Amino acid sequence: MAVAWVLGPLGAVALGTLLLALLLGWLWDTAVTVTRFRVTCHQLRRFPRPPWRSWLLGHTGLGKSTEEGLQQVDELVAQFRRGCLWWLTPWLPVLRLFHPDTLRPILLASAFIAPKDQFSYGFLKPWLGDGLLLSQGQKWARHRRLLTPAFHGDVLKSYVGIFNQSTHVMHAKWRAAARAAAQAGAQAGAQAAGRAVGLEVLEELSLLTLDTLQKCIFSHESRCQEQPSEYIKAILELSTLVVRRHHRLLHHPTWLYRLSADGRRFARACATVHSFTATVVQRRRQALDRLGHQAWLESHKGQRMDFIDLLLLAKDEDGNTLSDEDISAEADTFMFEGHDTTASGLAWLLYNLARHPHYQDRCRQEVRELLKGRDVEEIEWEDLSHLPFTTMCIKESLRLHPPVTAVSRRCTEDIAMRDGRVIPKGIICLLSIYGTHHNPDIWPEHQVFNPLRFSPENSQGRSPLAFIPFSAGPRAGRGGRNCIGQSFAMAEMKVVAALTVARFAIRLDTERPPRRKPELILRAEDGLWLLLEPLPEVA
């Protein structure tokens with residue numbers, strides 16, 4: 001009555017009409033949402049559903065990032081073969097897919113139709129910005145086109161020397177640790193000769209890949225394998241904090257996370273990383289602007305250009321360049337995506353070779369035959385295509401222990417499958433790389449490490465989507481989402497693996513067997529420990 005008295009009769013009618021319109025609008029939106037959800041549920045009934053806890057809780061809490069969680073994936077794949085429906089809550093269905101036939105319509109759809117799900121990757125945004133991992137739509141497509149030349153074979157060829165240098169540094173550390181272990185054993189009365197040293201190899205290999213990336217991206221020599229680096233420490237801390245935030249529901253809201261101790265640590269680490277990257281980019285931009293494009297190119301003639309150089313020079317079809325902010329985001333993204341995944345792939349490769357000494361010996365023989373008669377023990381670009389068995393071992397290890405066990409997509413429109421089923425618009429699809437690599441319909445005896453699966457004769461007729469350690473998709477120009485850095489990663493893995501088997505005997509640490517732990521990458525719960533014994537140098 002007081003409002004009506006203030007507004008007068010006409011004002012009260014207008015206010016009432018507005019409130020009624022708002023109410024009717026809300027009711028209409030609710031009805032549309034409920035109707036759409038009912039249609040979605042009807043379409044999803046065609047996908048099998050594993051037993052759940054209840055209609056209210058769905059499958060919440062049944063999927064775990066542990067060894068047992070991966071064993072559960074094996075069981076789901078064995079039972080459902082192609083995919084199943086997983087309810088995280090009564091209103092949040094997820095399709096878990098693990099067969100080429102069900103992956104195909106999602107992976108081969110453009111990035112506009114099946115973009116990455118922002119819920120799964122959103123916590124990385126303050127760190128990585130709008131780099132290729134997190135950007136969408138036209139911006140993603142433009143950046144993908146501009147970055148592709150930076151991963152051309154001619155560019156990667158110039159990085160092989162860096163891979164060798166960083167591997168030499170890591171191996172020198174390992175030899176020094178083995179000598180120290182031998183001396184300690186001798187003082188304790190044990191036999192010193194041939195003593196192996198136990199090392200947590202994932203940490204060692206992470207430092208190696210960070211070392212190579214700093215040189216390839218920034219031309220920066222941090223010596224991070226030998227001494228502490230604030231920048232490297234910040235990157236490792238950011239990776240840890242992102243994983244921890246995923247597991248703490250109270251830290252999901254941004255405003256709450258910023259108030260927490262972890263949130264403040266995350267902000268400080270982001271500031272360290274961003275400051276380093278921005279300083280390098282701004283310094284290079286100033287040099288380019290001062291000299292001019294042509295003079296700058298002439299001053300770099302005969303020199304290796306790093307990732308920052310290549311992005312500064314990149315232009316689209318309209319002659320537009322990337323901004324400093326764009327370049328920084330792509331550099332930070334490459335550092336993040338390039339170090340953990342490659343380190344995980346290498347660590348599990350060494351583990352698998354330790355489990356299968358006969359395959360390790362065969363790799364060693366192949367590498368030593370390749371290096372025979374050389375003055376310097378280094379792998380060259382041309383050598384990478386002459387390591388067929390080592391390459392098969394790398395691929396089989398990536399199949400058995402994929403660094404990234406799953407990726408997610410959210411459909412922006414209905415996607416029809418070959419069997420007549422429809423993946424409804426708005427649904428999150430969890431594309432299980434691990435499940436696909438362990439699908440018995442594609443990989444008989446899938447738990448067995450058998451590099452010969454990837455021989456030319458055994459690979460014939462196999463779907464290209466049966467093996468997707470770097471994801472997959474159509475050609476980049478049509479919006480594909482496959483990993484742009486996969487050739488870089490494979491080249492680095494070949495160099496590190498070849499030199500390691502040539503110089504060290506790798507054995508299992510039977511006192512510390514690994515338990516797999518899928519996080520941002522596939523880790524081991526208490527580290528991945530192996531015994532490494534330096535081998536005599538071959539004359």
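Predicted model: local features only at pLDDT ≥ 70, side-chain atom pairs only at ≥ 80, totals over all residues.
Me: What makes E1 and E4 the edge strands of the four-stranded sheet?
Reply: The sheet is open, with the order E1-E2-E7-E4 and mixed pairing. Strand E1 (83-89) and strand E4 (406-410) each pair on one side only. The twist averages 25 degrees from one strand to the next.

Me: How do you know that E4 and E7 pair?
Reply: Two strands pair if there are at least two bridges between them. E4 and strand E7 (residues 428-432) have five bridges, in the antiparallel sense, so they meet that cut-off. Within this pair, Arg409 has Cys429 in E7 as its bridge partner.

Me: Which helix packs on this sheet and touches E2, E4 and E7?
Reply: That is helix H3 (residues 100-107), whose direction makes about 125 degrees with that of E7. Helix H2 (residues 67-80) lies across E1, strand E2 (92-97) and E7, and runs at about 130 degrees to E1.

Me: Why is one side of E3 and of E8 left without a neighbour in the sheet?
Reply: This open sheet has three strands in the order E3-E11-E8, with antiparallel pairing. Strand E3 (197-200) and strand E8 (504-508) stand at its edges with a single partner strand each, so one side of each has no neighbour in the sheet. Here the twist averages 35 degrees from one strand to the next.

Me: What makes E3 and E11 a pair?
Reply: The cut-off is at least two bridges. E3 and strand E11 (residues 529-534) have four, in the antiparallel sense, and therefore count as paired. Glu200 has Trp529 in E11 as its bridge partner. Helix H15 (residues 324-355) packs on this sheet, touching E8 and E11, at about 80 degrees to the direction of E8.

How values were computed. Residues numbered from 1 in each chain as written. Heavy atoms only, no water. Helix = DSSP H or I, 4+ residues; strand = E, 2+ residues; numbered from the N terminus. Axes fitted to C-alpha atoms, helices over the stretch in contact; angles between N-to-C directions. Contact = heavy atoms within 4.5 Å.
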